[in-house]
Amino acid sequence: MKLLIKHSIKIFMLSTFLLTAITAANAQTARLQFDNLKVIGDKARDVVEVNVDGNILKLAKRVLVKINDKDGNAKKVGEAIKDLEGIYVRVFRFENANEYDMADVDSIRSQLKNPGWEKLANVRSKKNNQKIDVYTMFSGDVMSGVAVVISEDKSIALVNVIGPIDIELLAELGGKLNIPDMDIIVGDGKKKEGN
Amino acid sequence: MKEDYLWDKAGSDPEIEKLENTLIVLRQKDTTPPELPEKSFVITKTEAPQKRWFSLFPMRTAAIACVALVVVSFSIFQYLRIENTNLAQKTSETPSKKNPVSVKNPTERKQQVEDENLITSQVISTKEPKITQRAVKLKRRASARFRHRKAFARNFKPRNLAKKPKAIKLTLEEKEAYDQLMKALAITSSQLQIARDKIRGTEEKSVLNITRR
Amino acid sequence: MVNDGKFYNRFIYFVVHHFLEKMSESRTISNLFFLRKRETKAAAAKAQEASKEARLVERICAGEKDAFDELYKNLSPMVHGIILARVPRDEVDDIVQDVFISAYNNLHKLRDKKAVNSWVARIARNRAVEFYRRRKLYDELPENLSHKESAKAEASEILDVIREMPEAYKDNLIMRLVEGMTGPEIAEKTGLSHSSVRVNLHRGMRILRGRLGIKE
């Protein structure tokens, strides 16, 4: 009996370790690496960098639940992102055309060639040298990531979404996602007007 | 080697041999076994304990048990995760208390209320036969009042439709997190819209080209 | 970390492989994959002896007198040596008999029949301790211990020196020098390992030489 217990503990630890490792490995593959974009950022006129994950995302979801606007957009947005794990956005705007090296952007696109990513849309246009790539990643039947790469002569936009998200709903809400007009009481109770 | 002699009497060691010869007088002389007691209890041959199935294959049993435990705990974890998200969804969908409940079909609702009364009175009659008639009357009056209130609420049209949104209490961190999220979502949705429009535009062009031919 | 699916597979493979390598050094993994451990000859011999002892005990439990006599013949030198290391010489034989009768009466309670030798040794040591507890301080010493001229006197003196040593050394030394058992026999009878017995004998002998003034 003692031998059985001793062996059980060792095997349990081994299998838990393996399961954790595999889960961790699987969980990280939807995330794109934006390290090479520092070079582009130095050359750009305007840079927008937004990272929403972890505790920030949890807090924001909590706020969406509290909001009850008349259009119901907050509710729709809440529905679209209920299982979301992270959103990472990079937008670069340049003064003149062809100020950045396309190879830097192609290095991001090459990450989308890794196993797991599936091409959803791919558009090339000679006008403004526009290239649009939309990729998704699925774990079984559940979406685990979305990647959007749009590059033009004077701008680059990169969006990486980790977790399931309703793309159609989000595209539909484009333009309506302004912060609603509401009174917000922040911190020490002083009233502020909504943005 | 002297040490060999001490260990297994290989070789020779005069000193140890001298000691042995001196101490031999102390050796056990009487090697007769003792007489065993006559009236001893019966010593029966004890059977070997039955080997249980898991003691025959401890490793396999342990491996199977551990794998099963890990799988079960993982599925419970996933189930709880799904339940939590469903709960969060339900919480967000819960209507506010002040908003009136919309009534779809008044006649159905009336029937439902009447059925409820019937059921209530039936329950009263079956469970507590000793309740007085006065209690039953009070119950019926209360349900009637409820019905009137429902009808009033249905017919009531509030004068001021444009209500001022209720002030929402947020901490500074929540406000900042919300701003970040909305910004990210706004950019994401706009980019997705661009992609969608581009794809649709491309599709329309290709359709037009086909029809022209 | 580079987002490379192959990297993660390689990483997991490396960790698992390394972990399994470490585990394979212990008994656990060899049993897990049903690999047989190489046994030394001594261990094989020990296992064989142990099963022989177990069979002997079963025969005694079945009521065979001859089996008990065989057990007595095997273990009486060891028991005598243990008792002699602790108790006055005149009491040794009686206590040895008591030890074997006690062992016979309680043999059915023994769970691990292969460990009968060390079990009997433990009974012997306990009986020696019990002897001193029961014995009153004002008991007269037997007369024959006072004769210093006889060979027994010299033996008694050496025995007294050995009795002052640590328990592990004195038991093994008495079994070797008084009872005439060899090192392997002492290991077999007491259940100790060969290396332990060798160390006990070597160290005990060095102390004895020192106290008796014998040059090595």
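**Chain C, make-up.** I counted 10 helices and zero strands in chain C, taking helices (H or I, at least four residues) and strands (E, at least two) as DSSP runs numbered from the N terminus. Read along the sequence, the pattern is α-α-α-α-α-α-α-α-α-α.

**Ground rules.** I am working with a predicted model, where local features need pLDDT of at least 70, side-chain atom pairs count only at pLDDT 80 or more, and totals for chains, interfaces and linings use all residues. Residues are numbered from 1 along each chain as its sequence is written, while chains are lettered from A and ligands numbered from 1 in the order in which they are written.

I then looked at contacts (C-beta atoms, placed from the backbone, within 7 Å). In chain C, 66% of the contacts with a separation of 6 or more are between residues 24 or more positions apart.

**Helix α8(C).** Why is this helix largely enclosed by the rest of the structure? Nine of the 11 residues of α8(C), residues 167-177, are buried, so the rest of the structure largely encloses it. Among the buried ones I noted Y169(C), D171(C), L173(C) and R176(C). They pack against α2 (14-23) of chain B, and in chain C against α4 (65-84), α7 (151-163), α9 (183-190) and α10 (194-212).

**Strand β6(A).** Over to chain A: seven of the eight residues of β6(A), residues 155-162, are buried, so this strand too is largely enclosed by the rest of the structure. I checked its pairing next (at least two DSSP bridges between two strands). β2(A), residues 86-93, runs antiparallel to β6(A) with eight bridges, and I87(A) has V161(A) as its bridge partner. β5(A), residues 142-151, is also antiparallel to β6(A), over seven bridges, with V149(A) opposite L158(A). A three-residue hairpin connects β5(A) to β6(A).

**Nonpolar cores.** I used sets of buried Ala, Val, Leu, Ile, Met, Phe, Trp, Tyr and Cys residues joined through C-beta atoms within 7 Å. The largest core holds 54 residues, and those with the most contacts inside it include V52(A), V148(A) and L181(B). Its largest share, 10 residues, comes from α7 (172-212) of chain B. Leaving aside neighbours within four places in sequence, L181(B) touches V52(A), L57(A) and A60(A) by the contact rule. Apart from this core lies another, of 49 residues, among them L23(B), V120(C), L173(C) and V197(C).

How values were computed
A residue is buried if 20 or more other C-beta atoms lie within 10 Å of its own, exposed if 12 or fewer, and partly exposed in between; C-beta atoms are placed from the backbone. Two residues are in contact if their C-beta atoms, placed from the backbone, lie within 7 Å.
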